[in-house]
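Biologist: I'm new to this one and would like to learn how to read it. Could you walk me through it, feature by feature?

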Amino acid sequence: MQFEGIYTPLITPYHTDFTLNEAALAETVDHLVAAGVHGIIVAGTTGEYYAQSTEERIDMMRRCRSLIGDRVPMIVGTGAIRTEDSILFAQAAKEVGADALLIATPPYAYPTGREIALHALAVDRAANLPVMLYNYPGRMSVNMDEECLDRLGRSPNFCAIKESSGDPNHLHMLARDYPHIALSCGMDDQALEFFAWGARSWVCAGSNFAPEAHIALYRACAIDGDFTRGRAIMSAMLPLMRVLEQGGKFIQCIKHGVTLRGIDAGPPRKPLQPLNKDDKRALEEVIRTMNTTIAAIPGAL
């Protein structure tokens with residue numbers, strides 16, 4: 001599988017009682033497909049998988065497969081502390097017809113590179129689907145290091161990695177030493193750097209509500225090779241990325257952004273709390289300014 005383009009880690013819209021808002025979920029999927037995203041990820045962190053039961057996660061897989069159809073690929077996250085649970089989610093994803101898996105480092109357990117690789121290989125054997133790895137030491141406390149990547153590179157299913165370490169040296173190492181594992185941007189404020197180093201895809205939560213801006217940057221850099229236009233678009237997006245990444249209210253901001261597009265995304269599940277009025281106003285102003293600025297860039301949209 002070739003990972004090319006913008007991949008949106010889908011939100012899970014809730015009613016005020018935290019039950020699934022089925023109508024809003026369908027609206028969100030249709031909005032993303034119509035906007036031109038290249039794939040949808042179910043059960044990513046942005047989808048609040050960690051706050052869902054096993055039954056809810058599998059139900060989301062089924063619903064999203066039905067909603068997405070064959071319009072774009074569906075990638076399913078298998079994140080869990082226990083390898084046995086990740087295997088269960090991978091097998092369920094295969095049963096509902098997922099196109100690929102997202103395999104992250106098990107959180108909290110603090111595994112070594114070898115142990116991360118053995119975990120991922122066990123999930124791979126259980127489902128035999130294309131895999132995008134997910135390296136996010138800021139959440140998981142450990143890196144997918146050379147020992148891990150050397151072991152995983154032997155299986156053709158491990159065809160991409162969402163790199164979210166924020167470490168330019170790790171980005172350079174992946175680009176130079178592991179060209180057979182396609183590089184996918186997982187650090188939004190470094191998207192320009194990722195594209196400069198050959199990334200062909202970007203997994204970006206902000207594309208839930210601003211797919212046009214994210215697609216514009218991808219097209220400028222990865223398709224047209226116009227990094228002058230890309231820098232202008234990236235400059236316009238950076239204030240939004242600062243709000244998303246530095247406020248400690250990432251999922252809340254994404255959901256409010258979707259609500260601004262006319263889709264009732266609802267609240268995050270506890271322990272997270274919704275944005276307050278000041279936070280909402282600040283986000284709204286940043287989005288307005290970004291959209292106005294990008295619209296004025298020749299060839300951006």
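Biologist: Let's start with helices. At what angle do H10 and H12 pack, and how far apart are their axes?

Modeller: Keep in mind that this is a predicted model. The general idea is that two packed helices are described by the angle between their axes and the distance between the axes. Here, H10 and H12 pack at about 170 degrees, and their axes are 9 Å apart. Angles over 145 degrees count as roughly antiparallel, so H10 and H12 are roughly antiparallel to each other.

Biologist: Which residues meet there?

Modeller: From H10 you have Ile233, Ala236, Met237, Pro239, Leu240 and Val243. They meet Leu283, Val286, Ile287, Met290, Thr293 and Ile294 of H12. Sorted by type, the residues of this contact are eleven nonpolar, one polar and no charged.

Biologist: And how do H10 and H11 pack?

Modeller: H10 covers residues 227-246 and H11 covers residues 250-260; they pack at about 130 degrees, with axes 7 Å apart. That angle makes H10 oblique to H11. On the H10 side the contact is made by Val243, Leu244 and Glu245, and on the H11 side by Phe250, Cys253 and Ile254. Five of these contact residues are nonpolar, none is polar and one is charged.

Biologist: Now helix H9. How many of its residues are buried?

Modeller: Ten of the 13 residues in H9 (211-223) are buried, which leaves the helix mostly covered. Among them are His214, Leu217, Tyr218 and Cys221. The cover over those buried residues includes strand E1, helix H1, helix H8, strand E8, H10 and H12. Just after H9 comes Gly225, with a positive phi of about 65 degrees.

Biologist: Which residues other than glycine take a positive phi?

Modeller: Ala43 is one of them, with phi near 70 degrees. Look for Ala43 in the loop between strand E2 and helix H2. At 11% relative accessibility, Ala43 counts as buried. Ser141 is another non-glycine residue with a positive phi, about 80 degrees, and you'll find Ser141 in the loop between helix H5 and helix H6. Ser141 is partly exposed, at 44% relative accessible area.

Biologist: While we're on the backbone, which residues does a cis peptide bond join?

Modeller: Lys270 and Pro271, with omega at about 20 degrees. Pro271 sits in the loop between H11 and H12.

Biologist: On to aromatic rings. How are the rings of Tyr49 and Tyr50 arranged?

Modeller: In general, a pair of aromatic rings is described by the distance of the centres and the angle of the planes. Five aromatic pairs are counted here. Tyr49 and Tyr50 are edge-to-face, 6.1 Å from centre to centre and with 70 degrees between the planes. Tyr49 is buried, with 13% relative accessible area, whereas Tyr50 is partly exposed at 38%.

Biologist: Which residues form an aromatic cluster?

Modeller: Phe195, Trp202 and Tyr218 form one. For a ring with a charge over it, turn to Phe89: the charged end of Arg57 sits over its ring, 3.6 Å from the centre.

Biologist: What about single residues? Is Glu163 buried or exposed?

Modeller: Glu163, in strand E6, is buried, with a relative accessible area of 1%. Leaving aside neighbours within four places in sequence, its contacts include Asn135, His170, Leu174, Ser184 and Phe194. Glu163 and Leu174 are eleven residues apart along the chain, and their C-alpha atoms are separated by 8.8 Å.

Biologist: And where is Glu4?

Modeller: Glu4 lies in the segment before E1 and counts as partly exposed, at 30% relative accessibility. Beyond its neighbours within four places in sequence, Glu4 is in contact with His38, Arg200, Ser201 and Tyr218. Between Glu4 and Glu56 there are 29 Å in space, C-alpha to C-alpha, and they're 52 residues apart in sequence.

Biologist: One more: what is Asn21 in contact with?

Modeller: Setting aside neighbours within four places in sequence, Asn21 touches Pro13, Tyr14, His15 and Asp264. Asn21 belongs to the loop between E1 and H1, and it is buried, with 7% relative accessible area.

How values were computed
Residues are numbered from 1 along each chain as its sequence is written. This is a predicted model: local features need pLDDT of at least 70, side-chain atom pairs count only at pLDDT 80 or more; totals for chains, interfaces and linings use all residues. Side-chain values use heavy atoms; hydrogens and water are left out. Axes are lines fitted to C-alpha atoms, for helices over the stretch in contact, and angles run from 0 to 180 degrees between N-to-C directions. Helices (H or I, at least four residues) and strands (E, at least two) are DSSP runs, numbered from the N terminus. Angles under 35 degrees count as roughly parallel, over 145 as roughly antiparallel, 65 to 115 as roughly perpendicular and the rest as oblique. Contact means heavy atoms within 4.5 Å. Ala, Val, Leu, Ile, Met, Phe, Trp, Tyr, Cys and Pro count as nonpolar, Asp, Glu, Lys and Arg as charged, and the others, Gly among them, as polar. Buried means under 20% relative accessible area, exposed over 50%, partly exposed in between (1.4 Å probe, protein chains only). Rings of Phe, Tyr and Trp (its six-membered ring) pair if their centres lie within 6.5 Å; planes under 30 degrees apart count as stacked, over 60 as edge-to-face and the rest as tilted. A charge sits over a ring if NZ of Lys or CZ of Arg is within 6 Å of the ring centre and within 35 degrees of the ring normal.
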